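Good morning, and thank you for joining the group meeting.

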Amino acid sequence: MSATQTLPTAPTDAIAGRPSVLVVGAGPVGLALACELIIGGAEVTVISKDRRVGPHSRATILWPRILELLDRIGVAETLVAHGHYFDQMNYYSEKKRIGLIRFDRLPAVGYPFAITIPQWKTESILESHLTALGGTVLYGRELVDGAQTANMVTARISHDGHTSAERFDWVVGSDGYASSVRARFGFDFAGHALETKLAITDAELIGEHTTSEAAYYLTRHGNMVLAPLGDGIFRVGASVPAGTSGPVPDREFFETLLKQRVPGRKRLGQMNFSGVFTANIRTASTFRRGRVFLAGDAAHAMSPSGAQGLNTGLQDAVNLGWKLAGVARGDYPPELLDSYDTERRPAVAAVSGLSTQLAHISLYSSRPKIAIRDTLYRLGSATGTLESMLAPKLAQIDTHYGRRPRSKSALIRGQRLPLGWRHTPTAPVLAVDRHTILLWPGHSYHHAEWCALTEAVRAARPDTTVHDLGGNPAGGLTPYLTEAPHVIVARPDGHVEDTFALPADATAAVTAICAALYPPLSTKRNTLPGTATSLSATA
Ligand SMILES: Cc1cc2nc3c(=O)[nH]c(=O)nc-3n(C[C@H](O)[C@H](O)[C@H](O)COP(=O)(O)OP(=O)(O)OC[C@H]3O[C@@H](n4cnc5c(N)ncnc54)[C@H](O)[C@@H]3O)c2cc1C
């Protein structure tokens with residue numbers, strides 16, 4: 001029987017005076033979010049039902065954009081060092097190659113490759129990083145119930161047979177597919193299960209070299225995927241033939257499918273684990289209810305085709321992390337939190353739609369459909385359109401918040417900036433927890449006037465990183481820098497907050513720049529330092 005005890009915890013941490021966030025679930029998404037929140041200066045408590053152990057590797061691929069974002073919190077290098085590099089994906093139909101996608105040709109990316117890494121390793125590296133940042137995971141604690149008011153959230157947490165009620169300013173459910181946060185706080189989770197079951201194993205492939213390519217093998221009887229994990233081990237996945245029964249697929253099961261679906265004679269050596277699962281396609285109808293948020297599998301489940309599930313959850317963690325930390329610090333207005341749902345839900349729908357489509361076409365069994373699919377893959381591969389269409393999506397570098405740009409030559413609001421957070425001599429570095437101002441004087445400008453303007457911007461926003469691109473390397477921004485002076489305001493997640501031509505009058509230019517930042521100028525600073533000059537571009 002469990003005792004119930006109510007703790008009189010204030011919603012705002014009394015010692016530090018900072019609003020507090022409860023992260024429920026220390027899977028990869030909860031761990032990454034906790035790192036974000038700590039870096040952003042928030043007070044965070046992380047609880048998790050249990051510590052995951054065992055060889056079951058679940059998600060194996062981390063894509064280029066996610067490596068960029070994990071670089072932001074300082075953990076990408078360690079993941080890359082422990083992962084296995086791959087930079088291309090091959091598609092086969094009836095054992096003949098029909099298409100190739102390369103990731104090493106992606107334009108302006110920090111990581112022109114993906115890595116495979118077992119999920120337990122990703123979690124262990126993220127947890128070590130969280131510890132190094134001063135955070136900790138309280139294991140053995142389960143959220144069992146909760147309620148919220150306009151001012152706080154009460155979480156009922158069970159631990160060692162006791163249940164306590166604890167109060168927080170915000171709660172994030174990163175507690176996976178069977179999320180209790182989702183159920184207890186009244187979110188729905190509509191969708192359906194995919195008909196075809198999937199079998200996976202992580203196993204040694206005898207006679208196969210570990211390579212830098214992953215491959216999909218499509219046949220009339222089902223599909224198969226082989227992805228190198230390093231050390232001769234591969235993730236082997238396959239659609240389960242209809243009518244197959246039995247709980248755990250064995251060596252014979254996989255070797256039979258390898259023979260039917262994959263060219264060459266491949267046999268399995270050591271099998272680390274194997275299992276069969278049913279993929280679900282579901283999304284919560286909102287990712288935020290009041291002071292409660294959902295992230296990762298708690299918010300969405302998608303087809304494993306394209307290996308996007310975990311990667312999409314990590315994008316949630318970054319999008320929510322900087323906003324929640326900024327609001328908790330008092331630097332950003334609470335309304336900013338609405339944009340987590342309005343930005344992430346459409347982005348998730350796009351990724352989930354793609355993975356469902358990839359699953360669907362990989363399971364074609366009618367000859368005419370297969371012929372059309374294969375022709376399109378071959379044609380797309382020969383012309384480069386397969387790569388130019390699919391690689392940025394799989395790599396998640398085309399994640400965009402808001403209206404998509406019509407022209408690729410201009411930056412617009414919501415677009416991912418081709419810049420990183422690591423110091424490099426060739427590009428400006430973005431701030432992690434605040435917006436960054438990038439000032440471009442145009443191709444030709446009056447030096448003294450420009451210096452006066454950049455100094456005025458710095459004086460108006462001493463808390464903000466300001467990069468003067470005049471005479472300094474602009475990295476991946478270079479193709480977007482046009483004749484006229486303009487400003488790019490970058491969000492802490494590397495997306496464009498705003499970009500516009502600078503008014504000719506310097507005072508007006510500073511006012512416009514400050515208005516594009518959080519908080520609006522009027523609440524942060526009421527007076528601007530005098531800027532006597534006007535900004536003149538000299539042709
Ligand atoms: C077989 C398989 C293969 C997959 N392959 C891929 C792939 O190749 N690529 C990819 O991107 N994705 C893949 N996925 C999906 C990927 O594993 C998930 O998207 C990912 O685990 C989601 O991470 P998460 O942190 O949101 O949730 P989870 O990893 O599920 O973590 C949730 C955490 O919350 C804790 N928890 C649960 N309930 C509570 C509670 N009430 N209170 C406290 N703590 C709680 C759990 O103990 C757990 O630690 C695969 C999934 C499976 C099952």
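**Strands 16 and 17, and the rest of the chain**

Strand 16 and strand 17 (residues 233–239) run antiparallel and are joined by six bridges. Strands here are DSSP runs of E with at least two residues, helices are runs of H or I with at least four residues, and both are numbered from the N terminus. Two strands are said to pair if DSSP finds at least two bridges between them.

Before I continue, a word on the source: this is a predicted model, in which local features need pLDDT of at least 70 and side-chain atom pairs count only at pLDDT 80 or more, while totals for chains, interfaces and linings use all residues. Residues are numbered from 1 along each chain as its sequence is written, and side-chain values use heavy atoms, with hydrogens and water left out.

Let me stay with strand 16. On its other pairing, strand 16 runs antiparallel to strand 15 (residues 213–219), with five bridges joining them. Leu218 stands opposite Asn223 of strand 16, and a hairpin of two residues joins strand 15 to strand 16.

Is strand 16 buried or exposed? Eight of the nine residues of strand 16 (residues 222–230) are buried, so the strand is largely enclosed by the rest of the structure. Buried means under 20% relative accessible area, exposed means over 50%, and partly exposed lies in between, with a 1.4 Å probe and protein chains only.

What is the order of the strands in the open sheet of eight? The order is 7-6-15-16-17-14-18-21, and the pairing is mixed. Strand 7 (96–102) and strand 21 (300–301) stand at the edges with a single partner strand each, so one side of each has no neighbour in the sheet. Further along the order, strand 14 (residues 189–206) and strand 18 (residues 267–284) pair in the antiparallel sense over 14 bridges. Ala199 has Val276 in strand 18 as its bridge partner. As a general point, side chains in a regular strand alternate between the two faces of the sheet.

Strand 10 (residues 141–148) pairs with strand 11 (residues 153–159) in the antiparallel sense over seven bridges. Gln148 stands opposite Val153 of strand 11, and the hairpin from strand 10 to strand 11 passes through four residues. Strand 11 also pairs with strand 12 (residues 162–168), antiparallel and over seven bridges. There, Arg156 has Ala165 in strand 12 as its bridge partner. The hairpin of strands 11 and 12 has two residues between them, and Asp160 in the turn has a positive phi of about 55 degrees.

Two helices deserve mention. Helix 4 (residues 119–132) has 14 residues and reaches 20 Å from its first C-alpha to its last, close to the 20 Å expected at 1.5 Å a residue; that expected span is 1.5 Å times one less than the number of residues. Among its buried residues are Ile125, Leu126 and Leu130. Just after helix 4, Gly134 takes a positive phi of about 100 degrees.

Arg329 lies in helix 7 (residues 309–329). It is partly exposed, with a relative accessible area of 24%. Not counting residues up to four places away in sequence, Arg329 touches Gly40, Asp433 and Arg434, where contact means heavy atoms within 4.5 Å.

On aromatic residues, a search of the whole structure finds 14 aromatic pairs. Tyr111 and Phe113 form an edge-to-face pair, 5.8 Å centre to centre with 75 degrees between the planes. Rings of Phe, Tyr and Trp (its six-membered ring) pair if their centres lie within 6.5 Å; planes under 30 degrees apart count as stacked, over 60 as edge-to-face and the rest as tilted. Tyr111 and Phe113 are both buried.

Finally, the chain as a whole. The secondary structure comes to 13 helices and 25 strands. Of the 539 residues, 53% count as buried. Among contacts between residues at least 6 apart in sequence, 72% join residues at least 24 apart.
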